[in-house]
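Welcome! Have a look at the sequence and the model, then read on.

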Amino acid sequence: NGGRGGSVVILVDPHVNNLIRYRYAPHQFAKNGQNGGKKQMSGRSGVDCIITVPPGTVVSRIPDEIIQAPIEEGGRAPDNLASVPEDPSVLEPVADLVKAGEKHVLCAGGRGGRGNMNFKSSTNQAPRRYENGEEGERGQFQLELKSIADAGLVGYPNAGKSTLLSRLSKARPKIAPYPFTTLVPMIGVLEYPDFARVTVADIPGLIEGAHQGVGLGHEFLRHIERCRMLLFVIDMAGSEGRDPRDDYTQLRKEISLYQKELAERPYLIIANKMDLPEAAENLKKFKRRVRREVIPIAGDDDEGLDQLKAVFKKELATL
């Protein structure tokens with residue numbers, strides 16, 4: 001008998017935090033089963049192809065009617081094979097993988113063929129009949145990562161989100177005094193003296209029109225869909241020449257336009273850069289317009305971080 005073909009299997013690995021490897025190696029193949037041998041020896045089954053992905057990976061199938069030409073292992077793919085359909089509604093949901101160790105078979109391996117010994121009978125001791133195996137499944141899929149964290153830092157570029165994350169946790173995001181330093185989400189773990197642990201995601205900065213994809217808005221906003229709470233980080237000193245009140249209003253608007261349910265999620269307002277001269281006066285004006293608690297901090301010198309940690313933990317406990 002021929003061996004069964006290997007399957008293409010997705011495995012959720014908590015030690016993996018991105019999908020970048022599949023951008024450079026998008027074609028994954030399981031091994032074929034081996035042919036049967038002499039002396040009634042069955043062929044070895046093919047080895048599965050295990051694709052490790054981080055928790056929060058969403059898998060969608062690209063429909064057959066818009067799929068590109070099938071690629072055989074070792075063959076050269078056309079340049080547009082990995083292109084994402086412009087209309088995401090045409091994608092067929094396959095799996096939403098969030099638990100560590102969770103597995104999902106993307107493409108099952110084919111059944112091995114049956115050798116002539118299966119057709120042996122008392123009247124036919126040397127049959128020449130055999131049965132071919134079956135082709136394994138194939139397909140093209142889109143993998144999309146939606147980060148999983150207790151809270152997401154939301155703010156304009158250069159608002160100080162990365163600095164804040166580095167002060168709250170042991171995460172070491174890239175920090176520089178120019179916009180869009182952060183290009184991919186960074187997850188930090190905040191640890192408390194009572195051994196409680198919460199995770200915070202540093203989301204790349206949003207700009208006006210983010211809900212329409214401006215500035216890679218969709219690429220960024222999807223990472224806060226799973227957050228239990230949002231942390232709005234406002235540059236209260238207006239160091240980029242903007243009014244902090246307008247920043248807050250625009251951020252709330254972008255999130256509401258992107259996903260109404262997301263705008264209804266619990267949130268805290270963090271007034272950052274309070275160590276700069278203009279911040280104190282701007283905070284007074286901000287509080288008059290926004291009738292909510294505002295937590296003032298200065299991320300560069302840890303001012304107000306203890307209060308932020310305490311309020312953050314208390315709010316999460318109520319969710």
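A residue is called buried under 20% relative accessible area, exposed over 50%, and partly exposed in between. By that scale Arg228 is partly exposed, because its relative accessible area is 35%. Please keep in mind that this is a predicted model.

**Salt bridges**

- Side chains of opposite charge can pair when their charged atoms come close.
- How many salt bridges are there? The count comes to 11.
- One of them joins the side chains of Asp150 and Arg228, with 3.0 Å from N to O. This pair links distant parts of the chain, as its two residues lie 78 residues apart. Asp150 sits in the loop between β6 (141-145) and β7 (151-154), while Arg228 sits in the loop between α3 (217-221) and β10 (229-235).
- Are the two partners buried or exposed, or in between? Asp150 counts as buried at 15% relative accessibility, whereas Arg228 is partly exposed at 35%.

**Around helix α4**

- Asp243 and Arg245 form a salt bridge through their side chains, at 2.9 Å from N to O. Asp243 is partly exposed at 26% relative accessibility, and Arg245 is partly exposed too, at 22%.
- Arg289 and Asp246 also meet in a salt bridge, at 3.6 Å from N to O. Here Arg289 belongs to helix α6 and Asp246 to helix α4 (residues 244-258), so the pair links parts of the chain 43 residues apart.
- Both partners are partly exposed: Arg289 has a relative accessible area of 43%, and Asp246 has 42%.
- Salt bridges with shared partners also tie Arg111, Arg114, Glu131 and Glu134 into one network.

- Which residues form the negative surface patch? They are Asp275, Asp300, Asp301 and Glu303.
- Asp275 is found in the loop between β11 (267-272) and α6 (279-289). With a relative accessible area of 39%, Asp275 is partly exposed.

**Cysteines**

- The disulfide count comes to zero.
- Cys107 is buried, at 5% relative accessibility. Cys227 is buried as well, with a relative accessible area of 2%.

Key. Residues numbered from 1 in each chain as written. Predicted model: local features only at pLDDT ≥ 70, side-chain atom pairs only at ≥ 80, totals over all residues. Heavy atoms only, no water. Patch = residues over 30% accessible without salt bridge, like charges linked within 9 Å, V, L, I, M, F, W, Y side chains within 5 Å. Areas by Shrake-Rupley, 256 points an atom, 1.4 Å probe, with all protein chains shown as cover. Salt bridge = Lys/Arg side-chain N within 4 Å of Asp/Glu carboxyl O. Lys, Arg positive; Asp, Glu negative; His and termini not counted. Charge placed at Lys NZ, Arg CZ, Asp CG, Glu CD. Helix = DSSP H or I, 4+ residues; strand = E, 2+ residues; numbered from the N terminus. Buried < 20%, exposed > 50% of the residue type's maximum accessible area, 1.4 Å probe, protein only. Disulfide = S-S within 2.5 Å.
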